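Trainee: Hi! I've just opened a new structure and could use a hand. Can we go through it together?
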Amino acid sequence: MSLLSPIGAIFRSVTQARKFIQLNLQKPVQFPVKIISVGNLTMGGTGKTPFVDLLCKKLYHKKIVIVSR
């Protein structure tokens, strides 16, 4: 048994509790506008920014808001 085992057990418990809350207790949020999410778990170099630029140019006739982080 390593010194970090108790910390791992606490982390696992918190993660399981959070997952339970998200799946069973939280209600989905409905927004009155359409939302396009561009992104993934990869940090950089996947072409997200150029894609968002292209998307904005294609949707120029719509009101667009870009949220970063």
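Trainee: How many salt bridges does the count come to?
Mentor: The count comes to one salt bridge. Keep in mind as we go that this is a predicted model.
Trainee: Okay, which residue forms a salt bridge with lysine 57?
Mentor: That's aspartate 53, and the closest N and O atoms of the two are 3.3 Å apart. Side chains of opposite charge can pair when their charged atoms come close.
Trainee: And where do aspartate 53 and lysine 57 sit?
Mentor: Both are in helix α2, four residues apart, so about one helical turn separates them.
Trainee: How exposed are they?
Mentor: Lysine 57 has a relative accessible area of 56%, and it counts as exposed because that is over 50%. Aspartate 53 is partly exposed, with a relative accessible area of 40%.
Trainee: Let's zoom out. How many helices and strands does the protein have?
Mentor: There are two helices and zero strands. The radius of gyration is 19 Å, well over the 11 Å that the globule rule gives for 69 residues, so the protein is more spread out than a compact globule.
Trainee: What box do the C-alpha atoms fill?
Mentor: Roughly 60 × 35 × 15 Å, taken along the principal axes.
Trainee: What share of the residues count as buried?
Mentor: Of the 69 residues, 0% do. As for the accessible surface, it comes to about 7,300 Å², and carbon and sulfur atoms account for 64% of that.
Trainee: Which residues make a nonpolar surface patch?
Mentor: Val29, Phe31, Val33 and Ile35 make one of about 440 Å². Valine 29 belongs to the loop between α1 (5-24) and α2 (48-58), and its relative accessible area of 59% makes it exposed.
Trainee: What about proline 6 and glutamine 16?
Mentor: Those two are also 10 residues apart in sequence, and in space their C-alpha atoms are 15 Å apart. Proline 6 is part of helix α1 too.
Trainee: Last one: how accessible is proline 6?
Mentor: Proline 6 has 45% relative accessibility, so it counts as partly exposed.

Terms used
Residues numbered from 1 in each chain as written. Predicted model: local features only at pLDDT ≥ 70, side-chain atom pairs only at ≥ 80, totals over all residues. Heavy atoms only, no water. Patch = residues over 30% accessible without salt bridge, like charges linked within 9 Å, V, L, I, M, F, W, Y side chains within 5 Å. Areas by Shrake-Rupley, 256 points an atom, 1.4 Å probe, with all protein chains shown as cover. Salt bridge = Lys/Arg side-chain N within 4 Å of Asp/Glu carboxyl O. Buried < 20%, exposed > 50% of the residue type's maximum accessible area, 1.4 Å probe, protein only. Rg over C-alpha atoms; globule rule 2.2 N^0.38 Å.
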